[in-house]
Amino acid sequence: MAARGFPYTDLKDFLAALERAGELRRVTVPVDPTLEISEVVTRTVRAGGPALLFERPTRGEMPVAINLFGTEKRMAMALGVESLDEIGDRIGALVKPELPVGWSGIREGLGKVMQLKSVPPRKVKTAPCQEVVYSGDDVDLGRLPGLQVWPGDGGIFHNYGLTHTKHPETGKRNLGLYRLQQHSRNTLGMHWQIHKDSTAHHAVAERLGQRLPVAIAIGCDPVVSYAASAPLPGDIDEYLFAGFLRGERVEMVDCLTVPLQVPAHAQIVLEGYLEPGERLPEGPFGDHTGFYTPVEPFPVLHIETMTTQRNPVYHSIVTSKPPQEDHGLGKATERIFQPLLKLLIPDIVDYDLPAAGVFHNCAIVSIRKRYPKHAQKVMNAIWGAHLMSLTKLIVIVDEDCDVHDYNEVAFRAFGNVDYARDLLLTEGPVDHLDHSSYQQFWGGKVGVDATRKLPTEGYTRGWPEEMTMSPEVTSLVDKRWKEYGI
């Protein structure tokens, strides 16, 4: 069932829906975007608290919306569903490999085609995001209440800027979510990591000796904001995916000074370019790993034009070790992409990406085990699956284990494993931000086979039966529970 008022027109529409649902609190006193907002947000997130709208930041000219996606409930609201699994079910129905059978099958197949046909982005000539225009010397990032989140950060960062680029040769668009360090009133550091598509676009532009046009949208509607974070394959357009999630096309408008399109209902848009070969030190930055990432050279965005809505709202996010707001984003990705992962690796029954593993360090996977070393086969398949390749620890359990019950998973991993035989050690790519690997970008990985072992795997002792109470006694105690007076 879609959320009331979904799809939301823009960020303000979503904030109004959150407020109606009792999921938003307005902070009406002055609060400093340097560290103070971060501490308030972190305490709120860890208390399971609401989204926040800081109406009077002491720096910048607009209110700050934050913690919009900090719970699974708000993430579901953002995507217009009661449960995040609903979207996964929709995707699962679309990717079913069976051919239609009979008239009902043909109707179902046509319905799927029409569902996809209706969701590509739609170009408009005028847009709210261009109601106010600043150009040349009038461009001033100081108008934005960018955050300094941690004391050791290298300065002010904009943490939810949706970055738009195009491949210089193919014209293929990419939408990504990268942190942006404010270097001056009109320049930003572009921290796009080695595995990201925008990095590839920039590399091609530099090889050709060309500037790379860039547009950054801040404060988009929640579906577009989520789509920018989703780990889509490079050949899938993020705005097609956003249209699928919204159930209607995303409106896009041409930028004023660069050959790119941006969401028409964004709150703020920054337009500019990267000079080939130019780098500046970026960082340090307190990231979602819980540690500061070091200073490294990254490209520099020169902003020529800034456009906004009238009375815009600035959107950001706080990064820290878990739990933090990105929990909602990560869980949405886990649930939405489950059918695609299962299509690629049919052995998988379910999986969980624990927030404590910052969603790429650990994957817990259940399988219906059928043959010797089946768990190891699945480990290797996961390490070959797009950005799942960055996973450092994979724990494989049997299908009767609830992968979302970490106590049950720990019970299996601690008790069902002979660590001399049931570990698979390997090396491969790791996240750009991983501080533990001895070499940047690659390091060690381990798979843990916590399944029941088979005689054909060399286990000849006879796997013991796990204790469970009889259904009759369970039912009896259920019926008599109140009698016991406990």
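**Figure 1. Glutamate 61 and arginine 143 in the predicted model.** In this predicted model, glutamate 61 has a relative accessible area of 53%, so this residue counts as exposed. Glutamate 61 forms a salt bridge with arginine 143, and their closest N and O atoms are 3.4 Å apart. The bridge links distant parts of the chain: glutamate 61 is in the loop between β2 (51-54) and β3 (64-66), and arginine 143 is in the loop between β5 (132-135) and β6 (157-166), 82 residues apart. The relative accessible area of arginine 143 is 18%, so arginine 143 is buried. Side chains of opposite charge can pair when their charged atoms come close. The count for the model comes to 33 salt bridges.

**Figure 2. The salt bridge of arginine 173 and aspartate 237.** The N to O distance between these two side chains is 3.1 Å. Arginine 173 belongs to strand β7, while aspartate 237 lies in the loop between α7 (222-229) and α8, so the pair ties together parts that are 64 residues apart in sequence. Aspartate 237 is buried, because its relative accessible area is 14%.

**Figure 3. Aspartate 352, lysine 331 and a network of salt bridges.** Aspartate 352 and lysine 331 form a salt bridge whose closest N and O atoms are 2.8 Å apart. Aspartate 352 is found in strand β19 (residues 348-352) and lysine 331 in helix α9; the pair links distant parts of the chain, 21 residues apart. Both aspartate 352 and lysine 331 are buried. An unreviewed UniProt entry annotates residues 329-450 as "domain: 3-octaprenyl-4-hydroxybenzoate carboxy-lyase-like C-terminal". Over residues 329-450 the chain is 28% helix and 26% strand, with the end C-alpha atoms 28 Å apart.

**Figure 4. The aromatic pair of tyrosine 178 and tryptophan 192.** Nine aromatic pairs are found in a search of the whole structure. In this one, the ring centres are 6.0 Å apart and the planes stand at 90°, so the pair is edge-to-face. Tyrosine 178 lies in strand β7 (residues 173-182), and tryptophan 192 in the loop between β8 (187-190) and α6 (197-207); the two residues are 14 residues apart, and their pair links distant parts of the chain. Both tyrosine 178 and tryptophan 192 are buried.

**Figure 5. Phenylalanine 241 and its surroundings in the largest nonpolar core.** Phenylalanine 241 and phenylalanine 337 form a tilted aromatic pair, 5.8 Å centre to centre with 40° between the planes. Phenylalanine 241 is part of helix α8 (residues 238-246), and phenylalanine 337 is in the loop between α9 (326-336) and α10 (338-344), so the pair ties together parts that are 96 residues apart in sequence. Both of these phenylalanines are buried. The largest nonpolar core has 79 residues, of which Leu79, Tyr226, Phe241 and Val365 touch the most other members. Leaving aside residues up to four places away in sequence, phenylalanine 241 touches Ile91, Tyr226, Ala227, Ala230, Leu232, Ile336 and Phe337. A second, separate core has 34 residues, including Val31, Met190, Ile218 and Leu270. In soluble globular proteins, nonpolar side chains tend to be buried together.

**Figure 6. Two arginines over aromatic rings.** Arginine 90 lies over the face of phenylalanine 244, at 4.2 Å from the ring centre. Arginine 211 places its charged end over the ring of tyrosine 273, 3.6 Å from the centre of that ring.

**Figure 7. An aromatic cluster and two cis peptide bonds.** Phe6, Tyr8, Phe14, Phe69 and Tyr160 are linked into a cluster by ring pairs. Phenylalanine 6 is joined to proline 7 by a cis peptide bond with omega near 0°. Proline 7 is located in the segment before α1 (11-20). The peptide bond between glycine 283 and proline 284 is also cis, with omega about -5°. Proline 284 is in the loop between β13 (280-282) and β14 (285-286).

**Figure 8. Leucine 35 and lysine 373, residues with positive phi.** Leucine 35 is a residue other than glycine, and its phi is near 75°. This leucine 35 lies in the loop between β1 (24-27) and α2 (36-46). Leucine 35 counts as partly exposed because its relative accessibility is 32%. Lysine 373 has a phi near 60° and sits in the loop between β20 (362-367) and α11 (374-382). With a relative accessibility of 40%, lysine 373 counts as partly exposed.

Note on methods:
Residues numbered from 1 in each chain as written. Predicted model: local features only at pLDDT ≥ 70, side-chain atom pairs only at ≥ 80, totals over all residues. Heavy atoms only, no water. Phe/Tyr/Trp six-rings, centres within 6.5 Å; stacked < 30°, edge-to-face > 60°. Helix = DSSP H or I, 4+ residues; strand = E, 2+ residues; numbered from the N terminus. Buried < 20%, exposed > 50% of the residue type's maximum accessible area, 1.4 Å probe, protein only. Lys NZ or Arg CZ within 6 Å of the ring centre and 35° of its normal. Salt bridge = Lys/Arg side-chain N within 4 Å of Asp/Glu carboxyl O. UniProt positions renumbered as here; feature names shortened; annotations may be inferred. Core = buried A, V, L, I, M, F, W, Y, C linked by side-chain atoms within 4.5 Å. Contact = heavy atoms within 4.5 Å.
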